[in-house]
Amino acid sequence: MVSDQLLKECIKNLAEGSGPIAIDTERASGYKYAARAYLIQVKRKDKPIYLIDPISISDKSLWQLFNDTFANTEWIIHASTQDLPCLKELGLYPNILFDTELGARLCGFPKVALGTLVEELMGFELAKEHSAVDWSIRPLKDEWLNYAALDVDLLIELRDLISNELTAQEKLQFAQAEFAQILQDFKATKASRKDPWRRTSGMHKVKDRLTMHVISKLWQIRDEIAQELDLAPHRVLQDEAMVDLAAIKPKTNEEIAKIIGRRTRLESPPFQKWLKAINEALSADESNWPPLRVASNSIPPTKIWRQKNPTGYARLMHARANLLAISTAQKIPVENLFPSEALKQLCWATAAADQNAHDKSALEKYVTEMSGKFHARDWQLKLCLTGICDALKESEPPKIEPETPMEGD
């Protein structure tokens, strides 16, 4: 493995190569709190595979050197949205991307896992047995390193096959637009999620504000402990155990231990901290309890559209039917064909649609402007504009409604 003393030499050697570079990372998802990279694999044509241990790199300027050296080089990453965040944490920012998974989706391949694509397109079978190991362990086992190296060994050749298929299907520009959007989203600063504790598994069972307040306090202390120990939160305390604690509201450490059982991986669970969090929540004034539901400006779930907005529902069903037809004809998954949030906004806003429904150019302008707010790409609008505009003229659902749900339902 490459560590500090060899990374500079690695960069120099790769820079002497040609063509794109293949990159993959291994994280300790499910084991550690941080989604950092514990191994980075890099390959370039006619160059060896380099396995970089980022944990052992003390000279952080070497990451900037890597960026500067390959600023104008295409980075090939499979399922890039999984790897880009941990690369960003190190300061690695690609400017040109080729995502083999997304490219394969746009080609219409039904299964786009790396192993499946390599096997179907190249006839090689990749090992799968080490995909879920704890990559934070040091030293890393030889069989793990061999497994990791295989993830980039054939990635350049796979990229070329997918690129050729995209070209043959006249979709290469579609893919390039999608890759550029991934990089744009990746480099943007994302706002923190409000009340992340509301996503606790089992929250649907909570029917009162006090129990919800206890969960929020337990979630906060669990997150603090998880960060301090660098452990995945569910290893500190499973969601279901947290909900049970909030519902039962134990009064002693012993009661907490009995409720939790084996639903923590800590050898010495901090019972006192959890008891303190529960007591603080119970003693808080009711005015500090969170509301059962948070007011939102977002569009309601589509399952209630038929009652809340029947015209919007009719238009959405027609739009989905039209997009499904386009998806089938183009061999592009419907979730990649058009931003689902943009579609729902267009169909829900019946007044705006009504205003433009009988003027073709005005309707197309309305759809284009609204879609642009949700980063719909030009190729998506070119394929979908007519189908969406036709749907916005409808007021009754189709006789046969599409069964396939859209992303976000």
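Phenylalanine 66 is in contact (heavy atoms within 4.5 Å) with Ile11, Ile21, Ile23, Val42, Trp75 and Leu92, leaving aside neighbours within four places in sequence. The model is predicted: local features need pLDDT of at least 70, side-chain atom pairs count only at pLDDT 80 or more, and totals for chains, interfaces and linings use all residues. Residues are numbered from 1 along each chain as its sequence is written, and side-chain values use heavy atoms, with hydrogens and water left out.

Phe66 also belongs to the largest nonpolar core, which has 79 residues. A nonpolar core is a set of buried Ala, Val, Leu, Ile, Met, Phe, Trp, Tyr and Cys residues joined through side-chain atoms within 4.5 Å. Buried means under 20% relative accessible area, exposed over 50%, and partly exposed in between (1.4 Å probe, protein chains only). The residues with the most contacts inside this core are Ile23, Ile40, Phe66, Leu323, Phe338, Val367 and Ile388. Helix α20 gives the most to it, with seven residues. Another core, of 28 residues, lies apart from it; Leu231, Leu266, Trp274 and Leu275 are among its members. In soluble globular proteins, nonpolar side chains tend to be buried together.

## The chain overall

The chain has 20 helices and five strands. These are DSSP runs, numbered from the N terminus: helices are H or I with at least four residues, strands are E with at least two. Of the 409 residues, 49% count as buried. The C-alpha atoms fill a box of roughly 70 × 65 × 35 Å, taken along the principal axes. Among contacts with a separation of 6 or more, 69% join residues 24 or more positions apart.

## Helix α15

Helix α15 spans residues 310-330, 21 residues in total. From first C-alpha to last it reaches 30 Å, close to the 30 Å expected at 1.5 Å a residue. The expected span is 1.5 Å times one less than the number of residues.

Buried residues of α15 are Gly312, Tyr313, Ala314, Arg315, Leu316, Met317, His318, Ala319, Arg320, Leu323, Ile326 and Ser327. Their cover includes α14 (305-308), α16 (334-337), α17 (340-348), α18 (350-356) and α20 (378-391). Just after the helix, lysine 331 takes a positive phi of about 60 degrees.

## Helix α4 against helix α8

Helices α4 (residues 100-107) and α8 (residues 172-187) pack at about 140 degrees, with axes 10 Å apart. Axes are lines fitted to C-alpha atoms, for helices over the stretch in contact, and angles run from 0 to 180 degrees between N-to-C directions. Leu102, Gly103 and Leu106 of α4 meet Phe174, Ala175, Glu178, Phe179 and Ile182 of α8. Six of the contact residues are nonpolar, one is polar and one is charged. Here Ala, Val, Leu, Ile, Met, Phe, Trp, Tyr, Cys and Pro count as nonpolar, Asp, Glu, Lys and Arg as charged, and the others, Gly among them, as polar.

## Backbone exceptions

Most residues other than glycine have a negative phi, and most peptide bonds are trans. The peptide bond from arginine 138 to proline 139 is cis, with omega near -5 degrees. Proline 139 lies in the loop between α5 (114-122) and α6 (142-153).

Aspartate 46 has a positive phi, near 65 degrees. It sits in the loop between β2 (37-45) and β3 (50-52). Aspartate 46 is exposed, at 69% relative accessibility. Histidine 375 also has a positive phi, near 60 degrees. Its place is the loop between α19 (360-372) and α20. Histidine 375 is partly exposed, with a relative accessible area of 39%.
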